[in-house]
Amino acid sequence: MKKWVPTVIFLAVAVVLIVLAIVFLPVSKSVWVWIAALLTLAIFSILYRDNPIYRIAEHIFVGLSLGYGLAMIWHLALWQIALRPLFVEGRFILIIPIAIGLLYFTRLIPKVSWLVRIPISIALGLGSGIAIPLIFQATIFEQTKASLVLPEMFAPGNPWPGIWAIILIIGIVTTLAYFFFSRKEKSVLSPVSKVGIIFIMLGFGATFGLTVMSRVSLLIGRVQFLLREWLGIIAQ
Amino acid sequence: MKRRIPLTLTLVLGIVMMIQFFIPHQFSQDFKNTALEWLRVIGGFAFIIGLASFITHHYTKIKHKKEGWAYSPIALGALVVMAVVGLIGRSPNMNWIPVTVQGQQISVFTYLFSNFFTHMMIPLGATMFSVLAFYIASAAYRSFRAKSLVSILLLVAAFVIMLAIIFYNVLPLGDLGEWLLSVPNMAAKRGILLGASLGGIATSLKIILGIERGYLGGTK
Amino acid sequence: MKFWERLGKIDRRIIYIVLAVVVIIPLILTVKLPGKVRAMPRTKDVFDHIENIDPNGKRRSILISVDFDPQTEPELKPQLEAVVRHAFARNIPLLVMALPIQGTDIGIEVFTRLAEEHNKEYGIDYVILGWKPSPVAVILGMGNFIEQVFPTDYWGTPLSELPVMEGIRNYDDVGLVMDFTGSSFYVYWVYYAHTPYDVPVATGVTSVSVADIYPFLGSKQFIGMLAGMKAGAEYERLVKDKYYQDQDIFLRGTQALPALSASLLVIILFVILGNISHFATRRKS
């Protein structure tokens, strides 16, 4: 059998199915819905094997995303918060951050390309300085506070919240022990970090189950689009 | 100088912002708000780096006819079309070449821009990720084996969560799933969060103090 | 014994086809799950919080941040639509923004459609603030003055000219920050909005991040969470039962739920088959 035969059969079946769909189903009459549906099918074609149609769709997506970003950055960032305040409202102080931002362009000029480090270092300096106290407060402080075992958790009729709180503390400590001490083979703490691995595996297992659910949800969303908006098989 | 200026800037700004946090004075607040505004303005230009590397990547691919170069004009073409349509179509009060859509007059550029987004970018992006559903199903079938105590724990937790989602209405399994998430899972995730935050804070301090210099790139 | 071996080596394309079929069939047959969808406590927390926002009080508005891009749109759109319907039904003013750039137009698409459905007017009932660079500086800046971060709305109209913004200056006038995200933008809202400004924050996430959110739920840094498509269906049910009893609205998540359950069951089944084959062939050798 020639190499192109399966592809031709595949395409022929697809064309027949589409014609049947148009004749017998309340398919969408919107050109845009058709474009969306065909692009969806183009991406799904990767499941059969890597092929030019998939590659074209993929490259269209990458190009469109960047083009979208370019247009939006011009309107929403450069114009609305930099150039408009500068030229329309006359806030001349903004010349300084704009000039610093323009230094990103030096990346394209090899001789002075080191100047690109200036906007990066400013963003990093400001960003790190802002982040340190807030992250400390939001995680180290708040999370530790929330892990405390309090006497009121052991109510006479229902001691369970207290018991879970104790297990929680054990889990947190042993997890930390696993990450900080597991490298040294015969550390004193290695039995502790073995308890930690139980908690970590239960946590990762939960994440795995949820990840499966997440991916399947995305698939259902796309199939829903094909069946509902494009083919009109399921209720509007 | 090529290293000292950026390192000094990071050190000074980082320390000033940290001190600022502890001073509730109006001057300190005004300084913070100006710094944040400048940060947003500067951030608007950062896309140049990504855009430049995208264009050079595809340009060299076409120039040297590297494998798969034929797709590069498509990516570049899509970029140009979307950028032009967006730059014109989303300008305030744009009404060039009006078309009538659902009884409203809008510019053809605005019309194309929103449809390119809703009917091309969304289906393409969403479908790319939804393909992973097939891969994860097949990978789970082939490699998710209860070979050791560790993998049994992993498997049990994953099953409990999935079954809890399916049978949340009917069985007490829903409550078991909720317990698994809010006791053992929370313990592990909080431990990881605390560890990661300590690491993150340490890295930030290293950046401010100039110990971590990866962002300078190169050795010049 | 060859049977057991073959059980462990099912071709991946067969798995693909089976998965596709169990997704398509329940959707076409519009299968209904037995009983009503019961809302998980985390979902109910978000619903109750929005129920308690007074549309005429000080903290009367909801800030909705569409922090996802097309890649995770199918999973988060049901949640977003259900929350927007809830807020529209209660006449709560909505401010819509995005941290990743592509969230902007997803927000515009959803809001234009739902606003028309619910007879809501732009500028009076809701405003599209749009996107600005540097997420940390955006979130922190809004704690001081929203107009400093967003001098104009998405379309270039100054915020001071929009009636919806009247009396809304910063987080002190926001009853809830509702973030929808397919990545880790939710931590930004905890670190830079809740921690310094003490504004109530809730998050709607893809199921991938659900397990990672629990530490923040336990510490009450989030008032609630919507977990994946399932929570979308739960929220739709809560909103429909309370506000749209007699109206026919499209319940995107509810429609998807049977397919979700069926496909998860099938995946569990495949994993069990793989394990049976693994142990049967191992014992032999």
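Two residues are in contact if their C-beta atoms, placed from the backbone, lie within 7 Å. This is a predicted model: local features need pLDDT of at least 70, side-chain atom pairs count only at pLDDT 80 or more, and totals for chains, interfaces and linings use all residues. Residues are numbered from 1 along each chain as its sequence is written, while chains are lettered from A and ligands numbered from 1 in the order in which they are written.

**View 1. Chain B meets chain C.** Chain B gives 42 residues to the contact, and chain C gives 43 residues. On the chain B side, α2 (26–43), α5 (108–143), α6 (149–166) and α7 (173–209) each give two or more residues. Helices (H or I, at least four residues) and strands (E, at least two) are DSSP runs, numbered from the N terminus. The largest share, 16 residues, comes from α5(B). This side of chain B has 26 nonpolar, 10 polar and six charged residues. Ala, Val, Leu, Ile, Met, Phe, Trp, Tyr, Cys and Pro count as nonpolar; Asp, Glu, Lys and Arg as charged; the others, Gly among them, as polar.

**View 2. The open sheet of chain C.** Six strands pair in parallel, in the order β3-β2-β1-β4-β5-β6 (chain C). Strands pair if DSSP finds at least two bridges between them. The edge strands, β3 (126–131) and β6 (225–227) of chain C, each pair on one side only.

**View 3. Strands β4 and β5 of chain C.** Five bridges join β4 (residues 174–181) to β5 (residues 201–205) in chain C. Asp179(C) has Thr203(C), in β5(C), as its bridge partner.
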